[in-house]
Amino acid sequence: MTIIKAQKGTKDILPADMPVWHLMEKNANEIFSRYGAKEIRTPIFEATELFARGVGDTTDIVNKEMYTFEKSERSLTLRPENTAGVVRSFIENGMHRLPMPVKLWYKGPMFRYERPQAGRQRQFHQVGVEVFGIKQPTADAEVILMAVNYLKSLGLNDLSVELNSLGCPECRDEFKLHLKAVLRPYLKDLCPDCQTRYEKNPLRLLDCKVPECQKIFSKPEIQEVIMSDFICEECAEHFNELKKYLDELKINYSINKLLVRGLDYYNRTVFEIKSNNLGSQNAVCGGGRYDSLVRNLGGEDIPAIGFAMGMERLAYLIGEKEDKKTTAFVVSNNPAEAIKLAEELRKAGITCEFDLSNKKFVKQIEKASKTAKYALILGEDELAADKVTVKNLETSEQKTVSRQIVKSEII
Ligand code: ATP
Ligand code: MG
């Protein structure tokens, strides 16, 4: 019979991988809570329109990468990212009435129909943060700090923060005009995607990975426009203040004028955190400010900023974490007594297993040595005396103790 395999671009997260995933999840809860963020879990599918309006219908995500299907004449989509879903929930649940800022964090699977390769899957996981209600750059600094400290808690230090300001819609419009003017002579040489972007979303041109396009962008007259300080005074002040906070916090960053981010909703601050130890898919975190998204999705005029991190890429960087052995393994030919002893220990918070398949005594000892730190031997002598022999499998020391104090013999 043919074997059914996992779908292209999807991966099982196997028991051996779990220590790393548990670490990422536990630290997310611990670190983000310290900043006052609360966890939110939104549905995995939403109305397609949410992403078309929220992520932007000129983006690759919406145009090429969405898993969209119909049910009862409704168009639904598996979430490609979670900011739009969190914003929908924020509005729907009246969170604008809560005292600001509202700080939320999430984790979970996302779906994008992309070409699978190292660091790029069709179902992948993100952990992210969204902070609502603060227009000042203190929120930008706080969000970047949350990302950096979370990464540090995972032991990831060899990372660089890249920063840019996209300005506000007004100053950006002017920049787009300049950019379009200087690119016009090269329009026919740009890739087909860039020709569309030129009309619909010129800022995204800078994000193009096609070498021929990059070559055109590196021409001096085009670089001059890209490198110009196009942002208005207010936006510049916001950006300068953020940089000042980051300097004071000793967070290393560099300015990357080509950083525009793939999503339409960003304004002012955008940032990415990259690793030197990942191949070409080297971004572990992407984020930015999205002051008009809540309003665009039908809510109040509430500014916000957030980030998302790719958990598979983090897991790769964290590497392997040793799977913990079971603490104790009961070795006995009396399953009824073995199960009772195992339960007593589990009630005391100790991980404990026993032989479920009635194997010979020696085989049970072998199994215990491979999987546990202690063997709790319950032979006929022990049972008769209401005692247990506790064998430390690392040092081979053993002693026979009364059943009541077994727990205290185990560290
Ligand atoms: P990229 O440039 O790598 O495509 P992106 O701009 O599409 O990233 P975001 O939408 O900002 O990514 O998502 C934030 C993070 O989620 C990325 O930095 C990355 O770590 C991770 N990520 C995005 N797409 C994938 C994917 N298909 N597979 C695995 N991780 C992903
Ligand atoms: Mg992408």
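Me: Which elements do the buried residues of helix 4 pack against?

Reply: They pack against strand 2 (45–47), helix 2 (48–54), strand 5 (102–111), strand 6 and helix 11 (293–296). This is a predicted model, where local features need pLDDT of at least 70 and side-chain atom pairs count only at pLDDT 80 or more, while totals for chains, interfaces and linings use all residues. Residues are numbered from 1 along each chain as its sequence is written, chains are lettered from A and ligands numbered from 1 in the order in which they are written, and side-chain values use heavy atoms, with hydrogens and water left out.

Me: What makes helix 4 largely enclosed by the rest of the structure?

Reply: Buried means under 20% relative accessible area, exposed over 50%, and partly exposed in between, with a 1.4 Å probe and protein chains only. In helix 4 (residues 83–92), 7 of the 10 residues are buried, so the helix is largely enclosed. Those buried residues are T83, A84, G85, V86, V87, S89 and F90. Just after helix 4, G94 takes a positive phi of about 60°. Helices (H or I, at least four residues) and strands (E, at least two) are DSSP runs numbered from the N terminus, and the protein chain has 16 of each.

Me: Why is T327 called buried?

Reply: T327 has a relative accessible area of 15%, which is under the 20% cut-off, so T327 counts as buried. T327 sits in strand 12 (residues 326–331). Setting aside residues up to four places away in sequence, T327 touches I350, T351, A372, K373, Y374 and I410; contact here means heavy atoms within 4.5 Å.

Me: What makes T400 partly exposed?

Reply: T400 has 46% relative accessibility, a value between the 20% and 50% limits, so T400 counts as partly exposed. T400 lies in strand 16 (residues 398–402). Beyond its neighbours within four places in sequence, T400 is in contact with E382, K387, V388 and T389. T400 and A342 are 58 residues apart in sequence, with 17 Å between their C-alpha atoms.

Me: How do you know that the side chains of T400 and T389 make a polar contact?

Reply: A polar contact is a pair of N or O atoms within 3.5 Å; within protein, one must be able to donate a hydrogen and the other to accept it, and residues adjacent in sequence count only if both atoms are side-chain atoms. The pair from T400 and T389 is at 3.0 Å, so the distance meets the cut-off.

Me: Which residues come nearest to ligand 1?

Reply: Of the 14 residues around ligand 1, the nearest are R112, E114, Q121, R261 and A283; a residue is near if one of its heavy atoms lies within 4 Å. Strand 10 gives the most to this shell, with 3 residues.

Me: How far does a backbone N or O atom of Q121 lie from a nitrogen atom of ligand 1?

Reply: That distance is 2.8 Å. A polar side-chain atom of R120 is 2.9 Å from an oxygen atom of ligand 1, and a backbone N or O atom of G310 is 3.3 Å from an oxygen atom of the ligand. Taken alone, ligand 1 exposes 580 Å², and the protein buries 89% of that. These areas come from the Shrake-Rupley method with a 1.4 Å probe; for residues, only the protein chains shown count as cover.

Me: How does the radius of gyration of the protein chain compare with that of a compact globule of 411 residues?

Reply: The chain has 28 Å, whereas a compact globule of 411 residues would have a value near 22 Å. The radius is taken over C-alpha atoms, and the globule rule is 2.2 Å times the number of residues to the power 0.38. Along its principal axes, the C-alpha trace spans about 90 × 55 × 45 Å. Of the 411 residues, 49% count as buried.
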